[in-house]
Amino acid sequence: MKKTKQASDWWRGGVIYQIYPRSFADSNGDGVGDLAGITEKLPYVASLGVDAIWISPIFRSPMKDFGYDVSDYCDVDPLFGDLAGFDQLVKAAHGLGLRVMIDQVLSHCSDQHAWFKESRQSRDNPKADWYVWADPQPDGTPPNNWLSVFGGSAWQWESRRRQYFLHNFLSSQPDLNFHNPDVQQAMLDSIRFWLERGVDGFRFDACNFHFHDRKLRANPPATVRDSKTVSADNPYGLQAHKYDKSQPENIAFLQKVRALLDEYGAASVGEVGDDNSLKVMAKYTSGGDKLHMAYSFNLLTPDGSAAHIRQQVEELEAQLKKTGKKEGGEGWGCWSIGNHDVARVVSRWGKGETSPAYAKVLLAMSASLKGSLCIYQGEELALTEADIPFEQLQDPYGITFWPEFKGRDGCRTPMPWQAKAKHGGFSSSKPWLPVSKEHLARAVDVQERDGASTLAFYRQFLAWRRAQPVLKTGDIAFLDAPEPLLVFTRSLGEQTWLCAFNLGGEAQRFKLPKRLRDAQALQGNGLSGGLLNKDYVELAPFGGLFATICH
């Protein structure tokens with residue numbers, strides 16, 4: 001399967017559709033989605049006009065964190081199918097022109113992994129140094145003040161070794177010790193295993209968590225609370241995470257990963273959660289020898305204002321240019337406004353506004369920013385955040401921080417395929433999470449029959465965007481515009497485009513600067529509610545406009 005060439009630039013400005021396998025389509029009626037279900041629905045995904053799919057973890061796992069706790073990196077969990085089924089999925093995707101990216105969790109694994117079972121037995125076994133072990137302080141307390149993202153101390157006591165082990169997430173997710181070269185090689189071998197099976201790339205989970213400070217120095221208090229990576233009620237945001245992640249040694253490991261990916265022409269996108277995520281994104285993607293692209297939680301926040309979006313994009317562009325000068329080449333960003341870790345965007349940003357028009361302008365806006373784009377399953381249906389009562393919660397993160405933070409189950413409910421079918425056509429039996437009744441009215445079969453639906457718009461817009469190089473790789477420059485307007489230009493060669501979006505529910509009027517007053521509206525993108533009127537752009541509620549500038 002080796003391609004022995006650099007990855008094509010499909011990823012640069014590409015659109016990636018994230019599939020959460022537990023909730024996409026259940027083929028065998030056990031209430032949980034699976035690989036065969038994904039394979040069956042691939043023609044639907046291809047019809048959206050995306051370039052690739054990203055499949056959240058399918059590896060063997062006790063499912064304490066629903067697959068992000070891996071017990072075998074080189075096998076499929078029976079819940080989802082088997083390796084033969086995965087091979088069929090890859091073949092079917094390639095036949096439809098879709099690339100396949102899988103979710104690789106390198107920083108930590110499950111406490112049920114054979115490596116950890118051996119490591120925890122003693123201090124002198126062959127895997128003794130494969131995890132981050134440390135002695136207690138003289139009073140028996142943990143080695144330092146590091147916290148887990150999921151609550152409490154990041155250290156768990158192991159009586160057999162009389163030591164603590166590090167876990168940045170659940171206590172059942174021990175962190176691997178990447179300072180050990182054997183661990184690095186084992187991780188590279190697991191990546192090669194899937195490359196040999198024909199995958200086209202990877203989404204690397206928590207890719208800045210691989211290394212820790214060898215001296216185990218305590219983190220200082222945060223000067224500015226981190227409100228992007230974690231919710232306000234989580235004490236994790238009160239620390240400046242100087243020593244427990246984003247360590248300088250990670251650069252050399254990412255270079256090893258890139259060299260391996262280049263052997264197969266595969267691409268990568270890294271998830272970065274850091275106090276200064278945009279700076280880390282630039283560092284991890286610059287120079288053409290580390291990750292191809294990276295995304296952060298900076299647009300996965302409750303703040304969906306035009307000012308916030310502009311600030312994040314401009315800051316990333318500044319960091320990319322600054323770092324690129326040092327590294328000999330600018331990196332590349334990837335934007336995501338929704339995924340399996342946060343409330344659905346129309347609820348999170350809409351604050352009660354859930355109209356299809358709002359979902360449409362959010363796609364047009366996010367797909368027009370400079371960078372690549374990840375779309376989360378169901379966004380094309382304008383799905384809202386599902387309300388899951390406490391007794392039906394599955395997510396340990398939500399159970400810990402209830403009721404202020406309700407966890408991630410609300411965005412992970414099953415895809416509604418058929419409005420009148422049992423369980424929305426997702427499964428023939430009771431699903432692992434309930435199908436939201438609100439979602440049934442927006443089911444795929446309902447929207448397939450409606451030419452004005454959000455689904456129809458996604459198909460038209462993404463097909464149009466695919467043919468526009470200026471939107472895929474052009475430079476970006478923002479114009480000063482009052483809230484809730486987001487206005488910018490994209491430029492490539494001799495082409496300059498005006499992109500204007502009204503993110504609010506009231507009509508807006510924006511006066512164009514003189515240099516843009518000869519603009520001509522572009523057709524065929526499906527976006528409505530925008531009008532050029534002499535010196536002005538007039539935008540209806542949730543309206544938008546693309547126009548080309550005549551030089």
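Me: How are residues numbered, and which pLDDT do local features need?
Reply: Residues are numbered from 1 along each chain as its sequence is written, and side-chain values use heavy atoms, with hydrogens and water left out. Because this is a predicted model, side-chain atom pairs count only at pLDDT 80 or more, totals for chains, interfaces and linings use all residues, and local features need pLDDT of at least 70.

Me: What volume does the largest pocket have?
Reply: On a 1 Å grid over the protein atoms alone, a pocket is an open set of points with protein on both sides within 12 Å along at least five of seven lines, while a cavity is a set of points where a 1.4 Å probe fits but cannot get out; lining residues have an atom within 4 Å of a point. Grid points are joined across faces, edges and corners, and a volume is the space filled by probe spheres set on the points. For the largest pocket that space is about 950 Å³.

Me: Which of the residues that line the largest pocket are the closest to its centre?
Reply: The lining divides into 18 nonpolar, 10 polar and 16 charged residues, where Ala, Val, Leu, Ile, Met, Phe, Trp, Tyr, Cys and Pro count as nonpolar, Asp, Glu, Lys and Arg as charged, and the others, Gly among them, as polar. Of the 44 lining residues, the closest to the centre are Asp341, Val342, Ala343, Phe405 and Arg408.

Me: Which element gives the largest share of the lining of the second largest pocket?
Reply: The second largest pocket has a volume of about 280 Å³, and by class its lining has 5 nonpolar, 9 polar and 6 charged residues. Elements are DSSP runs numbered from the N terminus, helices being H or I of at least four residues and strands E of at least two. The largest share, 3 residues, comes from α7.

Me: What space lies in the largest cavity?
Reply: The count comes to 2 cavities of 30 Å³ or more. The residues that line the largest cavity include Ile337, Arg344, Glu379 and Tyr458, and the lining divides into 8 nonpolar, 1 polar and 2 charged residues. The space in the largest cavity is about 70 Å³.

Me: What kind of aromatic pair do Trp115 and Trp130 form?
Reply: Rings of Phe, Tyr and Trp (its six-membered ring) pair if their centres lie within 6.5 Å, and planes under 30 degrees apart count as stacked, over 60 as edge-to-face and the rest as tilted. Trp115 is buried at a relative accessible area of 18%, and Trp130 is buried at 9%. Their centres are 5.0 Å apart with 65° between the planes, and the pair is edge-to-face.

Me: Over which ring does the charged end of Arg22 sit?
Reply: A charge sits over a ring if NZ of Lys or CZ of Arg is within 6 Å of the ring centre and within 35 degrees of the ring normal. The charged end of Arg22 is 4.2 Å from the centre of its ring, which belongs to Trp432.

Notes
Buried means under 20% relative accessible area, exposed over 50%, partly exposed in between (1.4 Å probe, protein chains only).
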